[in-house]
Amino acid sequence: QTGSMTINGETTPMDLKYETGGAEAGIQFQPSAKLGFTLGFRFERRDVEDEIEVEEGNAPTDRTGFFGTVNLKLNKAFRLTADYQYGTYENPLTLISPTDFHRFRMTAKLKKKEFYATGSYQYTLSKSEQDSEMWESVKHQVNLRLGYHGKKVNAFAGYALMDITRRGDR
């Protein structure tokens with residue numbers, strides 16, 4: 001990652017090199033052909049290879065969290081999926097890095113012959129509680145799409161809405 005970093009009012013060009021490693025494990029349970037569940041745990045460690053002088057030292061950033069998914073396929077025409085992710089970050093490199101992350105997403109798909117409709121909703125919360133630099137970002141996103149797949153004509157229409165709120169104590 002190439003850019004610049006400002007520390008105590010002095011801007012310095014930077015070329016940061018990250019070493020990232022992690023693991024993810026989960027289980028799936030499918031009680032029927034129409035219903036499925038997934039639960040899992042994730043760990044990631046990101047270490048900056050370059051020496052940067054920061055107050056807390058150069059400890060690696062560890063992200064731990066879990067995820068879950070529910071899939072419901074009522075019939076060939078309708079499918080509903082919901083998933084949730086949660087993660088925490090230990091030793092974020094910068095004050096603008098999050099310490100907590102939540103994401104919930106739900107998607108519905110309907111297909112009837114040549115016609116289809118999809119809709120999704122996503123809620124994302126990122127926040128940081130590092131020292132006195134507390135901030136929070138909330139995003140609500142809605143997507144709708146309608147379509148027609150004919151033999152000679154294809155037609156599509158879509159709509160998207162994003163509502164983003166950011167708050168900070170700086």
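The dialogue below turns to strand pairing and then to a pocket.

Guide: The model is predicted, so local features need pLDDT of at least 70 and side-chain atom pairs pLDDT 80 or more, while totals for chains, interfaces and linings use all residues. Residues are numbered from 1 along each chain as its sequence is written, and side-chain values use heavy atoms, without hydrogens and water.

Visitor: Which strand pairs with β3, and in what sense?

Guide: Strands are DSSP runs (E, at least two residues), numbered from the N terminus, and two of them pair if DSSP finds at least two bridges between them. Here β3 (residues 18–32) pairs with β4 (residues 35–48) in the antiparallel sense, over 13 bridges. Y18 faces V48 in β4, and a hairpin of two residues joins β3 to β4.

Visitor: Over how many bridges do β4 and β5 pair?

Guide: There are 12 bridges between β4 and β5 (residues 61–73), again antiparallel. R45 has D62 in β5 as its bridge partner.

Visitor: What is the volume of the second largest pocket?

Guide: On a 1 Å grid over the protein atoms alone, a pocket is an open set of points where a 1.4 Å probe fits, with protein on both sides within 12 Å along at least five of seven lines; lining residues have an atom within 4 Å of a point. Volume is the space filled by probe spheres set on the points, which are joined across faces, edges and corners. In this case the value is about 170 Å³.

Visitor: Which element gives the most to its lining?

Guide: β4 does, with four residues.
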